[in-house]
Amino acid sequence: MILLALVVSVLLWADLSNRAIWTVLGLTLGYGVLGFVDDYQKVRYRNHHGISARTKLLWQWLLAFCVAA
């Protein structure tokens, strides 16, 4: 719900012609999806591990690289 509120606020009030807005919004959404997948795995498989720290870090680097490029 927080990400939805953020996206709606940005789309309503931000300068959408600014590339930095889209970059930060894309990265924020990507990290949000990564966090959701991590939490979903914790609930689905009933363990506290979720995604490993190394895998999360890899995905964060990939997301940052893809959004910044």
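1. In this predicted model, the count of salt bridges comes to two, taking a side-chain nitrogen of Lys or Arg within 4 Å of a carboxyl oxygen of Asp or Glu as the criterion.

2. One of these salt bridges pairs the side chains of Lys42 and Asp38, with a nitrogen-to-oxygen distance of 3.5 Å. Both residues belong to helix α2, which covers residues 19–44, and they are set four residues apart, about one turn of the helix.

3. Asp38 also forms a salt bridge with Lys56, and here the closest N and O atoms are 3.3 Å apart. Because Asp38 lies in helix α2 whereas Lys56 lies in helix α3 (residues 53–68), this pair ties together parts that are 18 residues apart in sequence. Through the partner that the salt bridges share, Asp38, Lys42 and Lys56 are joined into one network.

4. As a general point, side chains of opposite charge can pair when their charged atoms come close. In this model, the closest N and O atoms of Asp38 and Lys56 are 3.3 Å apart, while the contact between Lys42 and Asp38 is 3.5 Å from N to O.

Note on methods: Residues numbered from 1 in each chain as written. Predicted model: local features only at pLDDT ≥ 70, side-chain atom pairs only at ≥ 80, totals over all residues. Heavy atoms only, no water. Helix = DSSP H or I, 4+ residues; strand = E, 2+ residues; numbered from the N terminus.
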